[in-house]
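Hello,

Here is the structure I promised to pass on. Have a look at it first, and my notes follow below.

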Amino acid sequence: MIEIIYDVATLEDSCYIEILPDKYKDECWNTSSIYFTEENFCYIMPTFRKCYKKFDYFSYNEIEVDTWKLILKELEKVKNYLTNNPIPDTLKDIIGFPFTNSEKDFMEYYDTNLKQLILMIDDFQVWIEAKKISTKYITVLGM
């Protein structure tokens, strides 16, 4: 399932990307955060690398709200692209496939995965828009 995880209590191991609506304070698994499985986050990771050049997948990234505005615009472009029934072979130019079988697995259930990815991006945009009102930083805690 391609989705955001909102409840830290449902996490089963440590292979998640945490999005914290604040600066990093040496604490992970915050109840105010949202979470992505590693694979689900990697679908949108090209957007982060494009908009935040210092992005480090293996560390924490304290990203200012102004940069999040750029990320939101780029996510909107990605979402619009995905909404217009793209040719499956063109997806690797837009989204990330982190593992050897990621692209093959995505294509196996292409229509369902495409819809779920669009919805995940939309939900993420809504969450970011709500959080950027009350904070100056939103941090991506990497692997």
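Helices (H or I, at least four residues) and strands (E, at least two) are DSSP runs, numbered from the N terminus. Buried means under 20% relative accessible area, exposed over 50%, and partly exposed in between, with a 1.4 Å probe and protein chains only.

A word on the source: this is a predicted model, where local features need pLDDT of at least 70, side-chain atom pairs count only at pLDDT 80 or more, and totals for chains, interfaces and linings use all residues. Residues are numbered from 1 along each chain as its sequence is written, and side-chain values use heavy atoms, with hydrogens and water left out.

Back to α2: among its buried residues are V65, W68, I71 and L82. Just after this helix, N85 takes a positive phi of about 45°.

N30 lies in the loop between β1 (16–20) and β2 (34–37). N30 is buried, at a relative accessible area of 13%, and beyond its neighbours within four places in sequence it contacts V8, E18, L20 and Y35.

Now the rings, which pair if the centres of Phe, Tyr or Trp (its six-membered ring) lie within 6.5 Å; planes under 30 degrees apart count as stacked, over 60 as edge-to-face and the rest as tilted. The whole structure has 16 aromatic pairs. In one of them, Y16 and W29 have ring centres 6.4 Å apart and planes at 85°, so they are edge-to-face.

Best wishes

How values were computed:
Contact means heavy atoms within 4.5 Å.
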